[in-house]
Amino acid sequence: MHIAVINRWPRFHTGPRWDFSLGRFEDLINHQQHQVSYIVDATGATGVLADPEQIADLVEIDDLSDFEALCGAVQKITDHVGPVDRIVAVSEATLAIAAEVRAALGIPGPRPEDVALYRNKLRMKEAVAEAGIRAPRFASCDSIESAVDFARAIGFPLILKPVSGAGSRGVHRVEDEAALTTLLEQIDTGDYELEEYIEGPIYHVDGFVGEDSQIPFMAVSRYVNDCLAFEEAGQPLGSVIVQASPLRSRVEEFARKCVAALNMASMPFHLELFVTADEDLVFLEIAGRIGGAEVPYLTEKVFGINLFEPWLAAFSGEKATIPSVTGDPSGGWLIIPKPEDLPARVVTATSMREKCPTVWRELVPEAGEVLPVGGSYDAVHSGRFILVGDEADVEADIRRIIADFHIETVRVAE
């Protein structure tokens with residue numbers, strides 16, 4: 001089989017960073033059994049660590065979201081090596097464009113209409129609602145007038161968010177009609193939706209769906225704060241793996257119903273849901289990829305499962321297998337975002353290892369290091385922590401880090 005891997009992720013060979021260390025294409029795709037080619041941008045080229053003699057071809061393009069350039073790269077590989085049988089894309093940013101290329105070039109694999117079910121927030125909520133799963137009331141922003149009419153019908157606050165997106169980027173909690181009208185005038189309304197605001201903590205479920213839409217592995221976690229507060233207010237974001245309880249069992253069954261309603265198969269998933277004060281479960285959204293932030297690294301540490309392994313096996317036409325899990329382990333993670341005034345040079349930053357015994361990994365910038373503008377959860381933030389231990393102990397340490405962590409920075413000229 002000839003497999004073309006689209007890669008936009010770097011790999012860090014030295015230093016304390018662990019980002020992208022689990023998506024080891026050179027280990028998880030058999031480069032001797034298969035012909036393996038790569039399509040990368042400049043950053044992604046640094047993440048290709050396979051022996052050059054085992055790489056069928058490598059094409060670098062400027063922009064992996066450029067449909068014509070991506071199709072051209074596949075054609076170039078085809079001319080050089082032969083027809084491409086599979087296209088592998090594991091980043092949220094490349095799932096949709098890879099599906100478009102497969103459809104255009106007749107390559108097997110998920111099509112745009114398949115990917116839309118776990119990329120398009122309107123489509124996914126329509127599907128789960130049709131299956132009888134509770135979701136927030138929602139509507140597309142076809143026009144300012146229709147959006148305002150919907151808002152008046154359900155009341156404020158409500159949530160305005162991009163139809164496709166991740167990590168709460170571009171998401172707004174809207175408090176009143178004046179604020180809504182102002183925001184709608186600043187965006188392309190066709191790319192946005194409105195949804196009912198649901199009160200309650202947010203949980204996330206991370207796992208793998210087998211060929212028959214069964215879930216051989218999943219882990220239920222509870223957010224500490226939430227993604228929107230991280231993006232809008234610069235608050236710390238973390239989560240804790242939930243240990244056995246009646247609520248966890250209900251959330252697991254909820255996840256099974258969601259992936260079945262979306263016909264998901266042979267892929268990882270990251271599901272988010274609300275738990276209301278009455279313990280009603282309400283769908284928020286789902287992604288057909290591995291969870292972001294520290295989720296994959298914590299999953300491997302706590303459960304011994306690298307979710308990239310079964311996913312890449314499925315892409316390669318092989319049977320995806322999941323190791324069995326024993327016991328009822330827990331762990332968690334926390335990201336303390338960068339300070340507001342960037343770029344900034346670090347004067348001092350607090351290590352929390354001695355104060356918090358459940359800390360397994362921490363990434364705290366050193367004095368003199370400059371924190372640049374931009375970056376997602378995998379950037380070097382004020383502090384990043386992965387914790388392992390009992391659920392209650394982990395949550396207590398997360399809250400201790402939030403309370404006691406200190407970083408001092410000074411603004412530097414760009």
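1. Cover of α12. The buried residues of α12 are covered by elements including α1 (25–28), β4 (86–89), α4 (92–105), β9 (202–209), β12 (267–275) and α11. Contact means heavy atoms within 4.5 Å. Helices (H or I, at least four residues) and strands (E, at least two) are DSSP runs, numbered from the N terminus.

2. Basis. This is a predicted model, in which local features need pLDDT of at least 70 and side-chain atom pairs count only at pLDDT 80 or more, while totals for chains, interfaces and linings use all residues. Residues are numbered from 1 along each chain as its sequence is written, and side-chain values use heavy atoms, with hydrogens and water left out.

3. Helix α12 itself. It spans residues 308–315, and six of its eight residues are buried. Buried means under 20% relative accessible area, exposed over 50%, and partly exposed in between (1.4 Å probe, protein chains only). The buried set is Phe308, Pro310, Trp311, Leu312, Ala313 and Phe315. Just after α12, Gly317 has a positive phi of about 80°.

4. Helix α11. This helix covers residues 295–303 and is mostly covered, with seven of nine residues buried. They are Val295, Pro296, Tyr297, Leu298, Thr299, Val302 and Phe303.

5. Glu294. This residue sits in the loop between β13 (281–287) and α11. Its relative accessibility is 0%, so Glu294 counts as buried. Residues up to four places away in sequence aside, Glu294 touches Trp18, Trp333, Ile335, Arg384, Phe385 and Ile386.

6. Glu196. Strand β8 (residues 192–196) holds this glutamate. Glu196 counts as buried because its relative accessibility is 17%. Beyond its neighbours within four places in sequence, Glu196 contacts Pro136, Arg137 and Ile154.

7. Nonpolar cores. A nonpolar core is a set of buried Ala, Val, Leu, Ile, Met, Phe, Trp, Tyr and Cys residues joined through side-chain atoms within 4.5 Å. The largest has 87 residues, and Phe269, Leu271, Phe283 and Ile286 have the most contacts inside it. Helix α10 (residues 246–261) gives the most to this core, with seven residues. A second, separate core of 18 residues includes Ala4, Ile39, Ile61 and Ile97.

8. Leu271. Apart from neighbours within four places in sequence, Leu271 is in contact with Tyr203, His204, Val205, Phe254, Ala255, Cys258, Phe283, Glu285 and Ile286.

9. Overall fold. The protein has 13 helices and 19 strands. Its C-alpha atoms fill a box of roughly 55 × 50 × 50 Å along the principal axes. The radius of gyration is 22 Å, which agrees with the value near 22 Å for a compact globule of 414 residues. That radius is taken over C-alpha atoms, and the globule rule is 2.2 Å times the number of residues to the power 0.38. Of contacts between residues at least 6 apart in sequence, 67% join residues at least 24 apart.

10. Of the 414 residues, 53% count as buried. The protein exposes about 17,900 Å², with carbon and sulfur atoms supplying 46% of it. Areas come from the Shrake-Rupley method with a 1.4 Å probe; for residues, only the protein chains shown count as cover. There are 35 positive and 66 negative side chains, and the centres of the two sets lie 3 Å apart. Lys and Arg count as positive and Asp and Glu as negative; His and the chain ends are not counted. Each charge is placed at NZ of Lys, CZ of Arg, CG of Asp or CD of Glu.
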